[in-house]
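Please read the following report alongside the sequence and the model.

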Amino acid sequence: MDAIVDMIRRMRADRPIGSPCKEDMWARDMVLIKLLSTVALRRANLAHLTWRADNSGDLYQRADKSWWIRLPKNKFKNTYGAAGEEVYDCRIQPSAWQDIERYIVIHRARMLRHPTDLLFVLKLKNGINDEHRPWTWLSKRVAELTSQYIPNCHGFGPHAFRHIVATSILKASEGDYKTVAKILHDRVATVEKHYDGLRSNDASRRMGELLASQFAQDRKRTRLNSSHVSQHRIP
């Protein structure tokens with residue numbers, strides 16, 4: 001997650017002042033990466049995300065000025081699994097609120113050519129794409145951004161953000177699978193299954209910390225035995 005935070009800093013510093021068209025796309029990309037790193041939605045959910053001025057869209061703002069994403073059950077891949085058990089209604093982290101407001105009020109408004117409730121809009125080109133449609137190449141754009149702003153990275157797509165967020169929470173909380181399940185909108189059992197390797201590795205690391213003195217004694221005996229063997233080698 002540290003690499004993602006650093007990526008966001010680099011993107012913010014790279015704001016293309018003086019070029020309205022590029023600045024509009026920059027503002028859109030900032031919101032995209034902020035949402036990926038805070039709510040960890042799947043690509044299809046992000047590409048079809050809606051916003052409406054009357055607050056009836058998927059993205060909406062509450063009276064306290066906080067921003068939330070509310071999605072019906074049928075908009076999720078696992079509709080007949082965990083997603084079908086409750087409506088998704090998740091508050092976006094406050095660090096993204098100002099970026100969202102700036103994009104909607106200024107940059108998205110400038111990019112609109114026809115009425116649409118899609119949150120993420122693309123620059124239209126006459127004769128090529130003359131209407132606003134869901135962002136079909138969103139994954140490609142995320143890969144371009146991660147490649148550009150994360151050092152020594154060949155780029156990765158939206159789904160990797162889900163794993164990064166989940167892993168970061170588990171590492172920081174020492175295994176809070178319930179929180180991860182809520183973020184990913186999945187069942188705890190499913191999260192435990194997919195991140196069982198991480199849990200086993202963390203258990204091994206923790207065991208090493210608890211039994212450090214015993215293991216140190218064993219390493220000492222091993223060195224002594226190795227020294228004894230080397231002294232009696234046949235020339």
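Is Lys-65 buried or exposed? Lys-65 is exposed, with a relative accessible area of 54%, where buried means under 20% relative accessible area, exposed over 50% and partly exposed in between, computed with a 1.4 Å probe on protein chains only. This is a predicted model, in which local features need pLDDT of at least 70 and side-chain atom pairs count only at pLDDT 80 or more, while totals for chains, interfaces and linings use all residues. Residues are numbered from 1 along each chain as its sequence is written, and side-chain values use heavy atoms, with hydrogens and water left out.

Lys-65 lies in the loop between S1 and S2, and its phi is positive, about 75°, although it is not a glycine. Asn-55, in the loop between H3 and strand S1 (59-61), also has a positive phi, near 70°, in a residue other than glycine. A further loop residue, Pro-151, is found between H5 and helix H6 (158-173). The accessibility of these loop residues is set out below.

| Residue | Relative accessible area | Class |
|---|---|---|
| Asn-55 | 28% | partly exposed |
| Lys-65 | 54% | exposed |
| Pro-151 | 45% | partly exposed |

Leaving aside its neighbours within four places in sequence, Pro-151 is in contact (heavy atoms within 4.5 Å) with Asp-6 and Arg-10. The C-alpha atoms of Pro-151 and Met-7 are separated by 8.8 Å, although the two residues are 144 apart along the chain.

The protein has 10 helices and 3 strands, taken as DSSP runs of H or I with at least four residues for helices and of E with at least two for strands, numbered from the N terminus. From the N terminus on, the elements run α-α-α-β-β-β-α-α-α-α-α-α-α. Of the 235 residues, 38% count as buried.

In soluble globular proteins, nonpolar side chains tend to be buried together. Here the largest nonpolar core has 43 residues, and those with the most contacts inside it are Leu-35, Ile-69 and Ile-92; such a core is a set of buried Ala, Val, Leu, Ile, Met, Phe, Trp, Tyr and Cys residues joined through side-chain atoms within 4.5 Å. Among the elements that give two or more residues to this core are H1, H2, strand S2 (67-71) and helix H5 (138-149), and H2 gives the most, with 8 residues. Leaving aside neighbours within four places in sequence, the residues in contact with Ile-92 include Leu-35, Ile-69, Trp-97 and Ile-100.

Helix H1 (residues 2-13) and helix H2 (residues 20-38) pack at an angle of about 170°, with their axes 11 Å apart. That makes H1 roughly antiparallel to H2, a term for angles over 145 degrees. The crossing of H1 and H2 is left-handed. Residues of H1 in the contact include Ile-4, Met-7 and Arg-12, and those of H2 include Trp-26, Asp-29 and Lys-34.

H2 and H5 pack at an angle of about 90°, with their axes 11 Å apart. That makes H2 roughly perpendicular to H5, a term for angles of 65 to 115 degrees. In this contact Arg-28, Asp-29, Leu-32, Ile-33 and Leu-36 in H2 meet Leu-138, Arg-141, Val-142 and Leu-145 in H5.

Terms used
Axes fitted to C-alpha atoms, helices over the stretch in contact; angles between N-to-C directions. Parallel < 35°, antiparallel > 145°, perpendicular 65-115°, else oblique. Left-handed = near helix turned anticlockwise from the far one by under 90°.
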